[in-house]
Each structure stands twice: as C-alpha cells, then as structure tokens.
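Hello,

Here is the structure I promised to pass on to you. Have a look at it first, and then read my notes below.

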Amino acid sequence: MRWAPIACFWRKAIEPLVLRAGTMRIGISAHFWPRLTSGSGQYLRSLAQELAHLPTPHTFTLIGEPGAFADGPPPLEAVEVPRIPLPAGRPAKLYFEQVAIPWAARRLGLDLLHIPYLAPPLLSPVPTVVTVHDLITWLLPAYRGPLRKRAYTWLDLQAARRARALIAVSHHTRQDIVRHLHYPADRIYVTYEAAAPDLRPAATEAIAAVRRRYDLPERFVLYLGDTDRRKGLPRLMGALAQYQRTHPQDVVGLVIAGPLHRPDGRLFEDLPGIAKALGLAGHTHFLGPIPEKDKAALYSAATVFALLSEYEGFGLTPLEAMACGTAVLASAASSLPEVVGEAGLLVDPSDEAAVATALERLLLDPDLRADLGRRGRERAATFSWERTARETLAVYEAAMDFRAQRSRGNVQ
C-alpha cells in the first residue's frame, strides 16, 4: 500500500479538523503493564490511573500484548493485539514494538502514540511521544551487552530521534538526550515521577508485622531495588563494615530488598560473598523482591535508606523513602540531587571515606535523622502523579500543535 497519498490527505484534510475540534485519540503502549515491580511498569500504571481522572476531551487506549491485563480491568480503555509464534524474550518484544504497535495505531485510528519507555517504532503511521527514563545502555559500557542487544539499542535510539516529542523524567536525563542523541532541546519536556499515594509513614502495627515477617533487626540500613553493579552496594557494605568496626557495641544490619542475581563478572557481583569477606554475613539480610503492600512499612522500619548509584534517570526509591519519613543517604551523581535536594545527605559514591562518614553521621545522630525525615516528607509531597499526568497531557497537545504548525509552514 502506498502511504504518501493517505498521509497527504490526513495532513491537509483530517488533521486540521481534529485539532479544531480539540480532541485526540491517544494510544499508549502497555508492554510493561504486567511488570509490576519494574520502574517502567510503575510509571505506566501510575500515569494511566491519573490520566483517567483528568477532565479532558481526549480519549486514551492502552495497547497491550495478549494477557497483559489479566490482573483486572485497567483504568483506561484497553485492547490486546494478536501475537504471532515467536521465541519469547527480545524477538517477541521487538515484534510488538515495531510491528504490532504501529498496526494497532493504524487500525484504531489514533491521532498520537505514546511509548512510555525507550523503544518506539521506527516507522509509525501517527506522531509519537516517547518517555526516556535513562540512557544507561548507551552511556555505561557494562550495560551494552552482546551485539544483538547493542543493535536493539541502536534501533531504539534511531526511532527516538524520529519522535515528535520526548519526555525526560529528570533534567539530567534531558541533558543526556541533548548531548548524546542530538535531539532538539525545545522538543524535550521534563515530567518528574512521584511516590505512590499510599507510601507514607506506616502505622506501628504494620511496622511490627513487617519486622516479624522478614525477621528484621532492630536497627538497619535499607536498600531497595535491583542489585546490578551501578547501584553501588559493595560501597555501602564497606561503609557499614567500617562503622561496625569503630562502633562494635551498635549492631546495625543491612537489608537488601531486591532480586539477587547469579554473579557474572560484569553486571552482577557476588554480594553474599562480599558481605562475608567484610564480616557482615550475619548482619546482611537478602529479602528478594517484596510486594508493594509491604514497602511503606519496610521503609518506615529502616533507620536509614541508602542509594549510592552511579547513574539514575530519576531515582524513585529515595523519594519513596522520603515519603515514608525515612532519612536518606544518596549519591550526588546524575539525577539524584534533583530528587533528594536538601532533604537527604548527598555524597560522592566513589569516595569511600565520604560515604563512611555520612553513614556514621546518620546512624549516630537521631536528631539529624528526624530532621531529614521531616524535610523528606515535605519534599516528597511536592511530587505527584496527578501533576505528571497533567504535564504529560500538555506534551501530547504540544506534539500535535507542532505537527499542525509544520503542516501550515510555520516551523521548520
């Protein structure tokens, strides 16, 4: 089929009518909808929930793979696209992103397509908006993987350059996009993420129940998230081991809530082995992934939450800890200063002495922890998913307005 005459007809006859009427039909890729514990999955669900509540004439459709919405009806209209026999993993994902999504956009008569993670279709029948959470696979060599993964990343970046607008989840990520993708800065919009509304200081009974469920120590440093190399967990272990040597009377545990991967010498380290070598084996608790319902109580039970990551596109877990009133120790790298601000202690994650000193300050000073807990709650309250949804809707409208201006010859 020849698309040029159809595209010309749309641009000259149909699109102006849509824009004058002030309504759009917007499709949103729901690939990550079933992945509840992933950052992209949480972003998608929170955004959809708030878009459903906005007073807007536009309509939204989630586009998922078969079985994507098996856990219950989503807050927006949803469709599932057919699947063809392909090996699970990257081949099936690539088919969904590059074939099924554009097909669905055409069949549903969409005006705009939002891909809420960095994998848009290279060829789309409608304008696309793409959310860029980070550029980890582009910027950190250890994360680039084998040739097939690098080819997939290259395809994603080329497709992102063709998008009508990009959404960055932090100003740091926006700067990375401009610097490394050479995408026009005036078409990159920053919309922050937020902690879930139910993340707040937990009740005493809930904290006690979580302590029993996971056999938690009385005082502990918490890390929650994936356990790959950039998260800096060995540095955190080293700082805690130093604290235990200098304060043997104060036994402080380390609780790691997240998947524990098999060491591979590249992305995943032998964390239990490192803990044993540092003398922390008896004080380190590996919980594995925890359900969302336990997060508020776990954050609230922690003495300190720590994230010493070398790179985060946004850094949601420190914000969640702050929302629960827990003192935060965070890396001063990438986007984390934007999130934490002056409501936590920021430290150079590569400076082991500075990390150890900051951790010691937090563990020894209850007044400092209380002050940071108060400031953290106040700062976390300035982030909201409702604001994210409103700002995202404004990006949709700006993307279509830009297209209309270009069709009238007002922009290059």
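**What lines the pocket, and what else turned up**

Let me start with the residue classes around the largest pocket: its lining divides into 21 nonpolar, 14 polar and 15 charged residues. Please keep in mind that this is a predicted model.

The space in that largest pocket comes to about 1700 Å³. It is lined by 50 residues, and those closest to its centre are Ser38, Gly39, Ser40, Asp134 and Arg230. Several elements supply at least two lining residues each, namely α2 (39-51), α3 (90-107), α4 (136-139), α5 (147-161), β8 (220-224) and α11 (316-323). The largest share is that of α5, with five residues.

There is a cavity to look at as well. The count gives one cavity of 30 Å³ or more, and the volume of the largest cavity is about 50 Å³. Around it you will find Tyr192, Glu193, Thr382, Phe383, Ser384, Arg387, Thr388 and Glu391. By class, that makes two nonpolar, three polar and three charged residues.

Now to the sheet. Six strands form an open sheet with parallel pairing, in the order β10-β9-β8-β11-β12-β13. The edges are taken by β10 (284-286) and β13 (345-347); each has a single partner strand, so one side of each is left without a neighbour in the sheet. On average, neighbouring strands are turned by 20 degrees against each other, direction ignored. Helix α8 (residues 233-246) packs on this sheet, where it touches β8, β9 (253-257), β10 and β11 (304-307). The direction of α8 makes about 165 degrees with that of β9.

Is valine 252 buried or exposed? Its relative accessible area is 0%, and the cut-off for buried is under 20%, so valine 252 counts as buried. Leaving aside residues up to four places away in sequence, valine 252 touches Arg219, Phe220, Val221, Leu240, Tyr243, Gln244, His283 and Leu363. Between valine 252 and leucine 280 there are 9.8 Å in space, C-alpha to C-alpha, and the two are 28 residues apart in sequence.

Enjoy exploring, and write back with any questions.

Best wishes

Key: Residues numbered from 1 in each chain as written. Predicted model: local features only at pLDDT ≥ 70, side-chain atom pairs only at ≥ 80, totals over all residues. Heavy atoms only, no water. 1 Å grid on protein atoms, 1.4 Å probe; cavity = no way out; pocket = protein on both sides within 12 Å on 5 of 7 lines; lining within 4 Å. Points joined across faces, edges and corners; volume = space filled by probe spheres on them. Helix = DSSP H or I, 4+ residues; strand = E, 2+ residues; numbered from the N terminus. Nonpolar A, V, L, I, M, F, W, Y, C, P; charged D, E, K, R; others polar. Pairing = 2+ DSSP bridges. Axes fitted to C-alpha atoms, helices over the stretch in contact; angles between N-to-C directions. Contact = heavy atoms within 4.5 Å. Buried < 20%, exposed > 50% of the residue type's maximum accessible area, 1.4 Å probe, protein only.
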